[in-house]
Amino acid sequence: MNVNWFCVWAVVGKEWAEIKRNKAILLMMALVPVLLVAMIVGTDYFMLRASAAGQDMDEDELPIPEQLQHLPQIEAFIIQMNEQYMFYLLLIPMTLPVYIAAHSIVGEKETRTLEPLLATPISTWELLVGKSIAAAAPPIVLTWISFAVLLAGLWFAATPAILFYTARDVWIVGMLLVSPLLALLSVMVGVIVSSRVNDPRAAQQIAGVFVVPLIGLSLVVLFGMVFINVSMVIYAAMVILIVDLVATYFAVKVFQRETILTRWK
Amino acid sequence: MIRARGLTKQFPHFGKRGTETLAVQDLDLDVQKGEVFGFLGPNGAGKTTTVRMLCALIAPTGGEAWVNGHRVGEQDRAIRASVGILTETPGLYAKLDAVTNLSFFARLYGVADIPGQVAKYLQMLGLWDRRHDLAGSFSKGMRQKLAIARALLHEPPLLFLDEPTSGLDPEAARVVRDFIDELRGQGRTIFMCTHNLDEADRLCDRIAVIKQRLIRVDTPARLRQQLYGHGVLVRLRAVAPEHVAAVKALPFVQDVQQADGSLSVKLDDPQANNPRLVRALVAAGADVQFVEEAEHSLESVYFDLISETHEEESA
């Protein structure tokens, strides 16, 4: 497939110029990672302080996986909680791209800019790639930055053991590999849903269904049923990749020049 | 510039198997270089569908067409690069300023000197002082001008204008019309869909009237002639039955209508026969005050053509 990257980057530049002027998106992009990181670091810090002060944390109630049983109980408990929080961090590339993509496409429908845009020499594939990069890249980078800031925060606020387990290969691979795949899925869902609805929030609500498995997995981890390792992350990435390919197939199908002009309402 | 033969577009009725809507049927068109070509028809006649097919936005389901030497359906990217289009609604990014709007499209069209071209058209259309204002803050007329600038950034030899003055106030409409006239002076070919028949009459070299299929195509003057022949309006001090009888007796007269102290006479070769007509009236005792060419508006031509089609369809 012959892709004119000059056109793709023109679309990316235009999309980002529009995002910069959209306060709702900017606020969401700023608030979600800041709140998540602050919550994780804050929780770890106050639990350690409370434990040091001899306050009872009820950590006995949570089953600790055997991989953490050599650690002091409070550290094992916090690490297990952080394992669950890491899934929440992966919600950034899952929830933000769908919102940005839906805003972008629904916005084009509302302002009727799609026809003049499609009348240019750009191919629908280049347009889709441009919109996908524009919607997915900021949340992916934001996820990575949040992860880095989280590790820096834990370096100050937590113990070396907590930092070690949070910064272990599982989550580095998870952040680098899984977050782009989740972002791609999120964008494709945004494209598919936006072809049918005229409200970005509706697109986001429908895409919310895809968050459920992630939350479910986080609870499984929290209750000590599974202790995530690298091979599990890679298997999960492969499954998400397959779902991505299916979603991309349907997104490309609805994102055709004639379909957009004659069927999108 | 444009050649279409048997161009047809059928849309499937989504959700209903086996039913289709015929938007355009067997359309033959030839638009020459430098021509301002008017495309008229009622709502739903297939004008926008035709423009979309010719701009390689949607694929025909039948027939073939060439635009700027490129075949529709085979060289679509080349067609889109070589035409400019003003869509029915301006379609601008409201949260971006005028310069960013135009620069984005200039990049997509592969314009070499983007700042130069953007400045040229913003100045030409009187938007230079508002270049850093958001397109969303523009009046309807300014938005239309910005959309015209966008269609011209890559200097296309062929321009499609869909309702270029629709919804504009008279002053803004006049600016747009003058600009279209200026573009004609530059030798560009303009394909214009409009419901404004007066505008079509003033701007277009030739006019096509369509309703799914082509009803008639010609210059406005020849369309009038084809429909009404050559007409002369003779104003008399008072019209008497013998005056009408004298005119009817002339061999070159096809029809005579009497109205308001005037005779509307349809005749062959007015230049040769008008003196004979006046002499016949004077001989019949008429006091001739004025003789003038009978005017038929394009509007009456249009309505007659469309009603002819309605009658054919109902028959």
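How far apart do the C-alpha centres of domain 1 of chain B and domain 2 of chain B lie? The separation is 45 Å. In this predicted model, local features need pLDDT of at least 70 and side-chain atom pairs count only at pLDDT 80 or more, whereas totals for chains, interfaces and linings use all residues. Residues are numbered from 1 along each chain as its sequence is written, and chains are lettered from A and ligands numbered from 1 in the order in which they are written.

Chain B is divided into domain 1 (2-218) and domain 2 (229-293), with bounds that come from an automatic or database domain assignment. An open sheet in chain B is formed by four strands in the order 2-1-4-5, with antiparallel pairing. Strands (E, at least two residues) and helices (H or I, at least four residues) are DSSP runs, numbered from the N terminus; two strands pair if DSSP finds at least two bridges between them. Strand 2 (20-31) and strand 5 (70-71) of chain B are the edge strands, each pairing on one side only. Strand 1 (residues 2-12) and strand 4 (residues 62-67) of chain B run antiparallel and are joined by five bridges. Within strand 4 of chain B, Glu64(B) is the bridge partner of Arg5(B).

Two helices of chain B, helix 3 (residues 98-108) and helix 4 (residues 114-124), have axes that come within 10 Å and cross at roughly 125 degrees. Helix 3 of chain B is therefore oblique to helix 4 of chain B. Axes are lines fitted to C-alpha atoms, for helices over the stretch in contact, and angles run from 0 to 180 degrees between N-to-C directions; angles under 35 degrees count as roughly parallel, over 145 as roughly antiparallel, 65 to 115 as roughly perpendicular and the rest as oblique.

Chain A has twelve helices and zero strands. Its C-alpha trace spans about 70 × 35 × 30 Å along the principal axes. Between the chains, 22 residues of chain A are in contact with 26 residues of chain B, contact being defined by C-beta atoms, placed from the backbone, that lie within 7 Å. Helix 1 (5-20), helix 5 (114-118) and helix 12 (257-263) of chain A are the elements that give two or more residues to the side of chain A that touches chain B. The largest share of this side, six residues, comes from helix 1 of chain A.

Key: Two residues are in contact if their C-beta atoms, placed from the backbone, lie within 7 Å.
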